[in-house]
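Please look at the sequence and the structure below before reading on.

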Amino acid sequence: MSGAALGLEIVFVFFLALFLLHRYGDFKKQHRLVIIATLLAWYLCFLIVFILPLDVSTTIYNRCKLAVNSSPAEGNGSYVTLAPSKQKCFKPWSYIPDGIMPIFWRVVYWTSQFLTWILLPFMQSYARSGGFSITGKIKTALIENAIYYGTYLLIFGAFLIYVAVNPNFNLQWNQLQTIGIAAANTWGLFLLVLLLGYGLVEIPRSHWNGAKRGYLLMKTYFKAAKLMTEKADAEENLEDIMEEVRKVSESIKYNHPLRKCVDTILKKCPTEYQERMGRNMDDYEDFDERQNSYPSEKSLAKLHKQVIYSVQRHRRTQVQWQILLEQAFYLEDVAKNESSATRQFVHTFHSQEPENKIIQYFYTPTVEWYWECLLRPWFYRVLAVVLATFSVIVVWSECTFFSTKPVLSLFAVFIQLAEKTYNYIYIEMACFLTIFFLSICVYSTVFRIRVFNYYYLASHHQTDAYSLLFSGMLFCRLTPPLCLNFLGLTHMDATISHKKTQPTAYTSIMGSMKVLSFVADGFYIYYPMLVVILCIATYFSLGTRCLNLLGFQQFMGDSEMTSDLIDEGKELIRREKRKRQRQEEGENRRREWKERYGNRDDSTRSRAVHTDQKESSFSETNANRPLSKYTRSNGRTERDRIELLQDAEPLDFNADSINDDPLESDSGR
């Protein structure tokens, strides 16, 4: 089993990162390099979280083996014995052979740092560039990142000059490497505590509020009102951008040198706008440089960038609106079915997507009623209590993990108790649950936060390339300090425990933080205590209230603006519900009409065809005969009229609008 657990987790984490990226990204429309870079960043960060418990169990086994093989008289002075010399060590099932973990951590860590500080910022500028060639996009990305890279080079160069001039410093390459790692981890820890303080409170509270049906429905109405405003703004912005594209397309004709750039812009426009612009294009008109003023390639690149952004935003709001409607309809169905006497869940609208037959077989309407109306609220309440307990333990341990005598950190107490009995399965499970909960609190905040329209992770394949790359940067910067903080909570970090024990392979590549004593003994220990203040601020929603005062509407139960938006959202949902009901009623009437008169129409059509054949044969045989005095033209016209009436479908008088003018049908395409 040596190394088998490591291999299994490597494969599992890869598919986990691939699944999450497929949920948020769009493999078909986004650039392959963006997908690969984001997938690699997410994969490496998730890999660190899942592999670190194996490193802890392997380190505990190595400490036990070192303690058994050495006696007090034979101590080499590097490590102290943690167990009696007669203690027998049991190899863990997930034991990783010596020499593998240091190389593994070194490759994973430096690859993630290369991604977050060099490659991903460059690819962000490359993805947002409106250039029409690879060279133009690379040039734009280098110019935008010149200040970014130059700032780091300036700071690093000033530090090297200070070290070279000061005779008190005699730093070697390993120490410079440690200083660089400490600087990156310090920046990550600063952001980590902010996100952790929010997640420790918001995650249990969101699950507790998830058990309140009225709360969820009111919040959905609030989201509907805000999303409708954003949706209208996105449509208006797209119309303005498309009008500029239309003017450029009409001014730059087919034989203009910049026509290729215009064609590239047109390919990024929605289909209906492409057709509309194509009809107004006169390809046979030559351009005249002396009479008309044409836009430059730089202005076309700017327009190209605006088109990409506006189309992506418009598509995202449209998809989010449909998802929010389904969520609102379902919550209203749950509220109606709670008082059902039959205890069978009845949906107002049928699902538009085909359901899985296996799920449909087991998840019957009766099972759905018991789960949604009876069991789910209690399940969410119990889960919220468990998560709140974990949050309290984390906050306590963050404030007391620096105390080694006595040991006050609860996570360190759990690990040390399991270390005495060498229960490796318990050690790995305790480590995994701890770091997994910390990761959920931090990563979920990364998925929830939204910086206006520049950074926003939207599910159902609606996240743009810039936001995907930015999330990869955040993950790579947050994961190393998160793991160091976890090792400090469990006293597996020698800097915290102040013991000369064998360190984990992960901390060994970080180097000794004693090079920067004010960071190791000051910032790393006392700054995490700030999480208490952040948790209190999150509990009383101070950040939400500040944003509300600044004009950014947030969901607050005691706000008049929130009540107005809830009423507006309720009216929007009611309007969309009536619209969908009218559509379904019209489809049902058409279906009933076809079922009732479909066979009669078919028989009428067959009789008409047979009669036409007989009449045509009769006319051929009597082509030379004189016309009779009486003809059947009258009957033939009447019969055609009857057939046309039978083929007609019933009118839907409940439709939203009736277009009387057939010439206006093109505008509604």
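Which residues of helix H7 (residues 259–268) are buried? In this predicted model, the buried residues of H7 are Arg259, Cys261, Val262, Ile265 and Leu266. They lie on the same side of H7, because they cover an arc of only 155 degrees around the axis. Lys260 and Lys267, on the other side of H7, are exposed.

**The chain as a whole**

The chain contains 21 helices and two strands. Of its 669 residues, 39% count as buried. Among contacts between residues at least 6 apart in sequence, 79% join residues at least 24 apart.

**Nonpolar cores**

The largest nonpolar core has 96 residues, and those that touch the most other members are Trp42, Trp105, Leu200 and Tyr506. Helix H2 (residues 32–69) gives the most to this core, with 21 residues. A second, separate core has 19 residues, including Val245, Val248, Ile265 and Leu300.

Two residues may be examined individually. Thr59 is placed in helix H2. Why does Thr59 count as buried? Its relative accessibility is 4%, and buried means under 20%.

**Packing of two helices**

Two packed helices are described by the angle between their axes and the distance between the axes. Helix H9 (residues 297–337) packs with helix H11 (residues 365–400) at an angle of about 95 degrees, and their axes are 10 Å apart. This angle makes H9 roughly perpendicular to H11. From H9, the contact is made by Tyr330, Val334 and Asn337, and from H11 by Glu368, Trp369, Glu372 and Cys373. How do the residues of the contact of H9 with H11 divide into nonpolar, polar and charged? Four are nonpolar, one is polar and two are charged.

Conventions
Residues numbered from 1 in each chain as written. Predicted model: local features only at pLDDT ≥ 70, side-chain atom pairs only at ≥ 80, totals over all residues. Heavy atoms only, no water. Buried < 20%, exposed > 50% of the residue type's maximum accessible area, 1.4 Å probe, protein only. Helix = DSSP H or I, 4+ residues; strand = E, 2+ residues; numbered from the N terminus. Arc of directions from axis to C-beta. Axes fitted to C-alpha atoms, helices over the stretch in contact; angles between N-to-C directions. Parallel < 35°, antiparallel > 145°, perpendicular 65-115°, else oblique. Contact = heavy atoms within 4.5 Å. Nonpolar A, V, L, I, M, F, W, Y, C, P; charged D, E, K, R; others polar. Core = buried A, V, L, I, M, F, W, Y, C linked by side-chain atoms within 4.5 Å.
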